[in-house]
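Okay, everyone, thanks for coming. Let me put today's model up on the screen and we'll walk through it together.

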Amino acid sequence: MLEATGNQSKPLVLVVEDEAPLVTMLRYNLERQGFRVEEAIDGEEALEKIAERKPDLVLLDWMLPGVSGLEICRQLRRRNSTRELPVIMITARTEEQDAVRGLNIGADDYITKPFSLDFLLARMRALLRRAGPVRAKSKLSFHDIEIDLVTHRVYRNGRLVQLGPTEFRLLEFLIQHPRRVFSREELLDSVWGPNIHVEPRTVDVHIRRLRKAINAPGELDLVRTVRAAGYALDIEPN
Ligand code: CA
């Protein structure tokens with residue numbers, strides 16, 4: 001991929017950064033190293049360009065005007081089309097804790113300003129090699145449940161299950177983290193979005209609907225309720 005000479009086969013990097021001199025420096029150097037470069041100065045533009053141009057890798061500044069780099073990363077990880085998009089966070093902060101937060105949210109790597117270009121290039125190349133062609137998974141499964149992300153169909157034990165859009169997203173999220181218990185707040189944040197204000201009880205309503213839809217009479221209940229903690233997709237009831 002990196003050795004190819006055709007213009008279209010050069011990896012496309014989206015640089016999301018509001019400091020113009022840094023963007024100019026990155027563009028100049030990355031183009032010399034065989035990358036194509038797109039720019040975005042804030043989160044909104046970044047999400048638009050990612051949808052339009054489908055970059056192979058994103059260099060994402062932490063401190064942006066408006067939506068933070070961290071929040072953009074969170075949004076990218078929530079969408080099927082960008083879940084596996086390689087993201088390197090660029091941070092001016094040196095605190096270990098911030099870097100860890102970035103990685104927890106799903107950044108693949110991070111570098112701290114000021115950084116050397118060689119160091120950045122090495123990280124980028126390693127990440128692109130590891131990622132290969134960027135392609136989202138089309139099917140997710142757990143026990144006897146299968147979700148087809150292309151057709152948005154859900155099957156339990158081969159039987160087609162009808163789900164509302166919220167239940168679908170809820171199941172899609174839980175199935176990606178099998179057995180892990182999520183609090184109502186975590187589910188609201190991940191499934192509904194961090195800026196949507198709904199009552200935590202709303203989660204209970206949708207969990208109830210999800211249960212009803214995926215569990216036929218006599219079938220194992222795959223949704224585990226953990227008192228005072230939250231919910232998980234699990235085959236062990238307790
Ligand atoms: Ca910045």
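This is a predicted model: local features need pLDDT of at least 70, side-chain atom pairs count only at pLDDT 80 or more; totals for chains, interfaces and linings use all residues.

Residues are numbered from 1 along each chain as its sequence is written, and side-chain values use heavy atoms, with hydrogens and water left out. When I say helix or strand, I mean a DSSP run numbered from the N terminus: H or I with at least four residues for helices, E with at least two for strands.

Let's begin with the metal. Which residues coordinate the calcium ion? They are Glu-17 (OE), Asp-18 (OD), Asp-61 (OD) and Met-63 (O), at 2.1 to 3.2 Å. A donor here is an N, O or S atom within 2.8 Å of the metal, or 3.2 Å for Na, K and Ca, and since water is not among the atoms, sites may look incomplete. Along the sequence the donor residues follow the spacing E-D-x42-D-x1-M.

Are Asp-61 and Met-63 buried or partly exposed? Asp-61 is buried, at 2% relative accessibility, whereas Met-63 is partly exposed, with a relative accessible area of 48%. For the cut-offs, buried is under 20% relative accessible area, exposed is over 50%, and partly exposed is in between, using a 1.4 Å probe and protein chains only.

Asp-61 takes us to strand E3, residues 57-61. In E3, 5 of the 5 residues are buried, so the strand is largely enclosed by the rest of the structure. In a regular strand, side chains alternate between the two faces of the sheet. In E3, Leu-57, Leu-59 and Asp-61 point one way, and Val-58 and Leu-60 point the other.

What does E3 pair with? Strand E1 (residues 12-16) runs parallel to E3, with 4 bridges, and strand E4 (residues 87-91) is also joined to E3 in parallel by 4 bridges. Pairing means that DSSP finds at least two bridges between two strands. Val-58 is a handy landmark: Val-58 is the bridge partner of Leu-14, and Val-58 also stands opposite Val-87 in E4.

Next, helix H3. This helix is mostly covered, with 8 of its 10 residues buried. Take Ile-72, which lies in H3 and is buried at a relative accessible area of 1%. Leaving out residues up to four places away in sequence, Ile-72 touches Gly-43, Leu-47, Leu-60, Leu-64 and Val-67; contact means heavy atoms within 4.5 Å. Ile-72 and Ala-46 are 26 residues apart in sequence, yet 8.2 Å apart in space, C-alpha to C-alpha.

Now the largest pocket, at about 430 Å³. A pocket is an open set of points on a 1 Å grid over the protein atoms alone, where a 1.4 Å probe fits, with protein on both sides within 12 Å along at least five of seven lines; lining residues have an atom within 4 Å of a point. The volume is the space filled by probe spheres set on the points, which are joined across faces, edges and corners. The lining has 15 residues, and Asn-104, Ile-105, Phe-173, His-177 and Ser-190 lie nearest the centre. Helices H3, H4 (96-105), H6 and H7 (184-192) each give two or more residues to that lining.

On to the open sheet of 4 strands, in the order E6-E7-E8-E9 with antiparallel pairing. E6 and E9 stand at the edges with a single partner strand each, so one side of each has no neighbour in the sheet. The twist averages 25° from one strand to the next. Helix H6 (residues 165-176) lies across E6, E7 and E8, at about 115° to E7. Axes are lines fitted to C-alpha atoms, for helices over the stretch in contact, and angles run from 0 to 180 degrees between N-to-C directions.

Most residues other than glycine have a negative phi, and most peptide bonds are trans. Here, a cis peptide bond joins Lys-113 and Pro-114, with omega about -10°. His-143 has a positive phi of about 50° and sits in the loop between E6 and E7. His-152 also has a positive phi, near 60°, in the loop between E7 and E8.
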